Amino acid sequence: MPNRIITYAEALREAMREEMRNDASVFLIGEDIGIYGGAFGVTQGLIEEFGPERVIDTPISEVAIVGAAVGASLIGMRPVAEIMFFDFMTICSDQLVNQAAKIRFMFGGKARVPIVVRSPAGSGTGAAGHHSGSLESWFAHVPGLKVVAPATPYDAKGLLKSSIRDDNPVVFVEHKLLYRTKGPVPEEEYLVPIGKAEIKREGKDVSLIAYSIMTMRSLEAAEILAKEGIEAEVVDIRSLRPLDEETILQSVKKTNRAVVIYEPPRFGGFGAEVVSLITEKAFDYLDAPVERLGGEEMPPPYNPHLERELVPQVEDIVETVKRMLE
Amino acid sequence: MDLQQKLKLYYQMLLIRDFEETAEELYMAGKVWGTFHLYVGEEAVAVGACAALQPEDYITSTHRGHGHCIAKGADVKKMMAELMGKKTGYCLGLGGSMHIADLEKGNLGATGIVGSAIPIAVGAALGCKLQKNGRVVLCFFGDGAANTGAFHEAVNMAAIFKLPVVFMCENNMYAMSFSVKKAFAIADIAERAQGYGIPGVVANGNDVLEVYEITKEAVERARKGEGPTLIEAKTYRFKGHSKSDKNVYRSKEEIKEWMRRDPILLFEKHLLEEEKVDPQKLQEIKQKAEKEIEEAVAFAEASEELSIEEARRLVYAE
Ligand SMILES: Cc1ncc(C[n+]2csc(CCOP(=O)(O)OP(=O)(O)O)c2C)c(N)n1
């Protein structure tokens, strides 16, 4: 068996373990990442191997967590900070947006801020308005930040390793519903480059362009569509910023139809960026207007039925494609 | 405090305990979901502190807020309905366990962002001062919240403006897995008060009467315009942090040790030994609480859910 099957959470842990073994400047900092192993168990066991000096449990102080990462990075460390829920990124946004993202440029290119801020995003766990946020569109809007959002365990590991090695601040978006999903991850060392999308399924009739959990829902939708004779191509963006325009455009030029699927509220969200890209650079290839499936413009509700309606589901993707092809 | 009032506190503590234990059962049965944070073991803090307030005073609450709601007079029917995501719940099923608010009873709501209700409490106290309404705000938060930036900015502001707010730090010894021994370089969180120029007091958070007395004094001070007090009520949560907690960071002995200091048992002892209450009377109070919770579950189960169209209309005020 060339590939082991492991979970998304395990893949992330492996990435951190390998990078910490390879590079003494890598350390982890965040709330409850030590003996508790992180709110979603991602850092489980790391404190046993690396000790409390490199797996640093902190008080509930998000500003200081990200600020400390920025400061340490300025003198040559490579911190990986965990922010327990993506919603809490608003608290440390000054450090991330005003400091981490701008320092290199404002200091004339002389400083580097090689930090990674990992955080679980997304709804679907019944955690209501303060624990279900998808704010990646906001951070993708900030020049100087890289934003990645892997969908599979393979990409989670490869992208996290690349993020840790990257000399820029990287916001690493992990969808909570993906942590326990499984997939093949090689034993041997590999990297997934930041800024490279991937065709996760080939097709000729329509391009489903997504990232994170929406990639997985698009793949499911493609299975269903295939049974009805519709071949959907699934483009996994993986990296929101920098964005791999080429792979997206090539796919649309081949299929002539596109649906962009993302979890944050539809209005002003990241998907709008992809739609503009397609209409600017591949308009002549389109056989139908590009469709955009985003989240409801609503804070995440607690009630599970309403929560399900908040974000695109497999059946929404299937219906949209069928309507497009009618 | 007269016996009648004491029996009311006893009833409220039992109601909280029953509510929490029932909520946990409903979670196991899949009727309540997501995550929630049980208040079991800390009942004396909410009940003692709220007893020192007038009905028109305000509170702000936390992610571990069920006890605060009940102590401020919330209807457990509406709370249970909220936990089951029903339209009849306090937040129409949109907020769930972590966001219950009861504006009519002066409960300005719970927050899932640790520390974020502290500035809101200070704002409400500022409002009280501007409105000259004589009301006081009681702000509940945990030991973990005391390490957020929001805490520092808000307490300082309340202190310099002499606002009518009482900061009630519920020190249950852990912020999730992080023990206060590791999270603070000082012995008592109440010491922090000094740095803001306000009084800081430590209370035995498992003694409902002590919490009441100390809070009463702070409330009076606030009402007289003398500004905030920081109270640190030392207590313990019997259950895990939330539903996903494996409890690996604290020992069984420690938990057992604190369970011997169960605030309800301690108060029961006081009522029996000092107040010479007939045990039969306490039994009746217990049964009354149990019945109220049973009725709350029945009410919640029979309730309907909100539609997405109704939810959409709530995003903006009309
Ligand atoms: C800003 C923020 N950071 C982290 C969390 C995750 N979290 C929820 S409760 C909690 C511990 C809070 O401890 P404390 O304030 O002492 O309250 P307790 O849970 O002990 O009642 C943490 C870390 C959060 N909800 N908000």
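Analyst: Helix axes here are lines fitted to C-alpha atoms over the stretch in contact, with angles from 0 to 180 degrees between N-to-C directions. Helices (H or I, at least four residues) and strands (E, at least two) are DSSP runs, numbered from the N terminus. This is a predicted model, in which local features need pLDDT of at least 70 and side-chain atom pairs count only at pLDDT 80 or more, while totals for chains, interfaces and linings use all residues. Residues are numbered from 1 along each chain as its sequence is written, chains are lettered from A and ligands numbered from 1 in the order in which they are written, and side-chain values use heavy atoms, without hydrogens and water.

User: Why are α1(A) and α6(A) called roughly parallel?

Analyst: The axes of α1 (residues 8-22) and α6 (residues 153-165) of chain A come within 8 Å and cross at roughly 30°. Angles under 35 degrees count as roughly parallel, over 145 as roughly antiparallel, 65 to 115 as roughly perpendicular and the rest as oblique. α1(A) and α6(A) are therefore roughly parallel.

User: Which residues of α1(A) and α6(A) meet?

Analyst: Contact means heavy atoms within 4.5 Å. On α1(A), the residues include Y8(A), L12(A) and N22(A); on α6(A), they include P153(A), L160(A) and R165(A). The contact divides into nine nonpolar, one polar and six charged residues. Ala, Val, Leu, Ile, Met, Phe, Trp, Tyr, Cys and Pro count as nonpolar, Asp, Glu, Lys and Arg as charged, and the others, Gly among them, as polar.

User: Why is α4(B) oblique to α12(B)?

Analyst: The axes of α4 (residues 76-83) and α12 (residues 279-301) of chain B come within 8 Å and cross at roughly 45°. That makes α4(B) oblique to α12(B). The crossing is right-handed. Among the residues that meet are M80(B) of α4(B) and F299(B) of α12(B). The contact holds eight nonpolar, no polar and four charged residues.

User: Why are α1(B) and α12(B) oblique?

Analyst: The axes of α1 (residues 3-28) of chain B and α12(B) come within 9 Å and cross at roughly 40°. α1(B) and α12(B) are therefore oblique to each other. Their crossing is right-handed. Contact residues include Y10(B) and F19(B) of α1(B), with I285(B) and V297(B) of α12(B). The contact divides into twelve nonpolar, one polar and six charged.

User: Why is the ligand site said to be shared between chains?

Analyst: Residues from chains A and B surround the ligand, so the site is shared. There are 22 residues around the ligand, and the closest are E62(A), H63(B), R64(B), G112(B) and G144(B). To count, a residue needs a heavy atom within 4 Å.

User: Which oxygen distance does R64(B) give at the ligand?

Analyst: A polar side-chain atom of R64(B) lies 2.8 Å from a ligand oxygen atom. For D143(B), a side-chain N or O atom is 3.1 Å from a ligand oxygen. For Y174(B), a backbone N or O atom is 2.9 Å from one.

User: What is the peptide bond from R241(A) to P242(A)?

Analyst: It is cis, with omega near 0°. P242(A) sits in the loop between β12 (239-241) and α8 (245-255) of chain A. R238(A) has phi near 60°, a positive value in a residue other than glycine. R238(A) lies in the loop between β11 (232-236) and β12 of chain A. Most residues other than glycine have a negative phi, and most peptide bonds are trans.

Notes. A crossing is left-handed if the near helix is turned anticlockwise from the far one by less than a right angle, and right-handed if clockwise. A polar contact is a pair of N or O atoms within 3.5 Å; within protein, one must be able to donate a hydrogen and the other to accept it, and residues adjacent in sequence count only if both atoms are side-chain atoms.
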